[in-house]
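Hi everyone, thanks for coming. Let's bring the structure up on the screen and walk through some of its local geometry together.

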Amino acid sequence: MPTSDTQHRGGDAALINASIAELRDGLMTGEYTAADLAAVFAQRIETIDPSLNSLVSRVEPAEPASAAGRLAGIPYVHKDIFCAKGTRTTCGSRMLADWVAPYDSTVHERLTESGAVLLGKANMDEFAMGSSNENSHFGAVANPWDANAVPGGSSGGSAAAVAARLVPFATGTDTGGSIRQPAAFCGVTGIKPTYGRVSRYGMIAYASSFDQGGVIAKSAADCALVLGEMAGFDERDSTSADRPVPDYVAGLDESISGLRVGIPKQWFSDALDPAVGDAVSAAIDELRAAGAETVEIDLPDADIALAAYYLLAPAEASSNLSRFDGVRFGYRCEDPKDLQDLYERTRSEGFGSEVKRRILVGTYALSAGYYDAFYRRAQKARRLVTDHFQRAFEQCDVIAGPVTPTPAFDRGAHSADPAKMYLEDIFTIPVNLAGLPGMSVPAGFVEGRPVGLQLIGRHFDEARLLNVAHQYQQRVDWHERMPSMAADSANDNREG
Amino acid sequence: MSLTNDQLQTVAHLARIAVEPEWTEALRSDINGILDQASRLDDPRLNELEPMAHPLDQVQRLRPDSVTETDQRETLMEGAPAQEQGLFLVPKVIE
């Protein structure tokens, strides 16, 4: 193992591609120290991130709070939606551009107790509203596989940072697809757990009945390890699920022979890019080769799910974001002439266009005379979509399909038409409406841009999703591929 | 269902967001695009369904009515844009 400064700056390919378990082994055997590891990844951030813009803040690495924790000494970044005491927490917004969190989110507290080492805060679409990371006050993020492509969103910085091997893992949040879609676009593995599995305390709210924290990492095995440390009941989150967390790592090696995999026939339609469909079908063939059985299932009404989500989530956002008023924290406009002016200009200047659009849609959907036509109707649609999943799970144990209709699109491709951008979320949103766990697993490439396989499970069946994803990853190496910009940097630095 | 300019102004006021005149038309068109998608919710199959507020149909958990948080006033005031003597400052409200 290299120990000189020069070699550390390189962070050789074996180290930056190592699994979290391998890194833990290296730390336990004394091959390197937590400080060595932090230095390697901090140096990669320093050299590589200027071309990606995946981080909005860097954090000076602290000594691991625990030497014995399962993540002791493992570097990571938080999506900048998680509060970490004393750290600037921006949520990708001008509104919070200078706000320093006065307390820890439960997720941060648990990762710290587990010994993980925070290296920075990741860029994101403002207040988690977006599918391309182009809605950040801190600028767009480049996709490490293709600088002209978006990394996806809203956890775009987290996915790009892991893809470029700037950190072994990152936290993310998923309200309508914000972990799975960027994971798919960046060729990394992401898990959005069941609603209520991971505490939302200290995770800045967008749409509270959908928001769920999760993990983006290189592999399902890494996700299993990290999720096990993050998940579990928290009395400070009133919707936290009070049920035990299984040992996700212990279940990874189980055989998937006889597993019933549901294939939603409606998802393989004209809306799906044929090349993406081919990659996803090939991934499903691998599951069959591993012993799984496939059954065709019905998951209709994705368009109704989309319409419902884009009323419900903005409605919840309009309520959640009313706290940003220029009085208690965050941005305040210059020289307000009265209180009304203070509120209106603070919010007009502090929020970006997409956030304002969603607040206005949500306010409209909740306003007198429209509540029944929009909000209540959308809640009924949520029931319809959830019922479809329930029926599907009578026939199968997990559902497999695409994460997105296309690979990562070009920057600027959808910015002129928000309704068109929303179509990107057509396969991820139904899962959030039903509160189910979902994963994105790298499943190949289309013209150099990654494609993701989506796995969806029953409520609280994360262990099975991780098991299926891990078994798939024993048979393929898509998740081990590294973008050339990350590999070149590793080599350049090693030689230099 | 589409939003008129007057309605947009009313909603913007309710949301306390100042909409610049040069943005009004584009914004109205964007919002109407989103509301057009909402016409999918006219589907008659939805009529008889029970509205769903929580993804797991849970009800809100209650906790004992006791103080659990400590006084953090000074720390919390540090994030305030304007303050004096531990109080938030706002423009004069009473003439």
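Let's start with a pair of strands in chain A: strand S2, residues 75-79, and strand S3, residues 117-122, run parallel and share five bridges. Strands here are DSSP runs of E with at least two residues, helices are runs of H or I with at least four, and both are numbered from the N terminus. Two strands count as paired if DSSP finds at least two bridges between them. In this pair, A:His78 has A:Lys121 of S3(A) as its bridge partner.

Before going on, a word on the source: this is a predicted model, where local features need pLDDT of at least 70 and side-chain atom pairs count only at pLDDT 80 or more, while totals for chains, interfaces and linings use all residues. Residues are numbered from 1 along each chain as its sequence is written, chains are lettered from A and ligands numbered from 1 in the order in which they are written, and side-chain values use heavy atoms, with hydrogens and water left out.

Zooming out, the open sheet in chain A has eleven strands with mixed pairing, in the order S1-S3-S2-S4-S6-S5-S10-S11-S9-S7-S8. Strands S1 (55-58) and S8 (293-297) of chain A are at the edges with a single partner each, so each has one side without a neighbour in the sheet. From one strand to the next, the twist averages 30°.

Next, look at A:Ser219, in the loop between strand S6 (213-217) and helix H8 (220-230) of chain A. Is A:Ser219 buried or exposed? Buried, because its relative accessibility is 12%; the cut-offs are under 20% for buried, over 50% for exposed and partly exposed in between, using a 1.4 Å probe and protein chains only. Its side chain reaches the backbone nitrogen of A:Asp222 at 3.1 Å.

Finally, some backbone details. A:Glu447 is not a glycine, yet has a positive phi of about 45°, and at 78% relative accessible area A:Glu447 is exposed. A cis peptide bond, with omega about 5°, links A:Gly153 and A:Ser154.

Methods: Axes are lines fitted to C-alpha atoms, for helices over the stretch in contact, and angles run from 0 to 180 degrees between N-to-C directions. A polar contact is a pair of N or O atoms within 3.5 Å; within protein, one must be able to donate a hydrogen and the other to accept it, and residues adjacent in sequence count only if both atoms are side-chain atoms.
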